[in-house]
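Morning, everyone. Please look at the structure on the screen while I talk you through it.

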Amino acid sequence: MALSDLEQLCSHINEKIGNIKKTLSLRNCGQEPTLKTILNKIGDEIIVVNELLNKLELEIEYQEQTNSSLQELCESLEEDYKDVEHLKENIPPHLPQVTVTQNVVNGSDLDPEEPAKVEEPAPPRKPPKEQRNIKEMLFITSDEFNGIPAYMKSRLTYCQINDVIKEINKAVAGKYKILYQPKKSMNSVARNLYHRFIDEETKETKGHYFIVEADIKEFTALKVDKRFHVILNILRHCRRLSEVRGGGLTRYVIT
């Protein structure tokens, strides 16, 4: 055996011996009462730090969700502002105009030989076709939100619940616009949806507005997940909707 190989073997054996000594030393430290108390305290502190890290992770997730909701709210407000500006710039001509009348007119302002001008009344307009109003779910008030049990709303915010209500109203509007649409003007997609809507109706839902999960997926971008069903449970608690089950379907009736 070469000298260099022997030296490497000795070094390896000495390293193993050193590791064994350190292990025995640490084992003996754990048996000493004073050191054992210190190790227990260190262990408790590690558990506390781990819990704080878990809470910090949950708080970061909550803040991210809140930030996302605020961004959606800002986008919605911007759209509303644009709608208001559009209405302001495009006031319908049939609305009554504000006119200034003069009660006292001087004789010099009128020519006695000139006949008075009489404005002809505008021809009557045809009354618009009666539009059927589609029922909407009312938003949750702050008082109602504060009255929801903590175990039920968990970390959900006031805005998150009302955002879901907004999407549910969008699904209801999309469904009943098709149901109220003349059949002759329907394309094949709308006709298929129309027949599905009719098949889903029951005696319990007659005369009521309702949707199913398929409508949420059809007309909105909401995810039908655990969080969505938690919010539905809150809406049932606040008497915004009720459930009618049957035929393998759950129908969410707007109350």
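Two strands pair if DSSP finds at least two bridges between them. Helices (H or I, at least four residues) and strands (E, at least two) are DSSP runs, numbered from the N terminus. This is a predicted model, where local features need pLDDT of at least 70, side-chain atom pairs count only at pLDDT 80 or more, and totals for chains, interfaces and linings use all residues. Residues are numbered from 1 along each chain as its sequence is written, and side-chain values use heavy atoms, without hydrogens and water.

Now the sheet. Three strands form an open sheet with antiparallel pairing, in the order β1-β3-β2. β1 (210-211) and β2 are the edge strands, each pairing on one side only. Two bridges join β1 and β3 in the antiparallel sense. I211 has Y252 in β3 as its bridge partner.

Next, helix α8, residues 226-237. Which of its residues are buried, meaning under 20% relative accessible area with a 1.4 Å probe and protein chains only? They are F228, I231, L232, I234 and L235. These cover an arc of only 160 degrees around the axis, taken from the directions from the helix axis to the C-beta atoms, so they sit on the same side of α8. Among the elements covering them are α5 (158-179), α7 (213-219) and β3 (249-254). Just after α8, R239 takes a positive phi of about 60 degrees.

Last, a helix pair. K175, I178 and L179 in α5 meet A190, L193, Y194, F197 and I198 in α6, with contact meaning heavy atoms within 4.5 Å. Thanks, everyone.

Conventions:
Buried means under 20% relative accessible area, exposed over 50%, partly exposed in between (1.4 Å probe, protein chains only).
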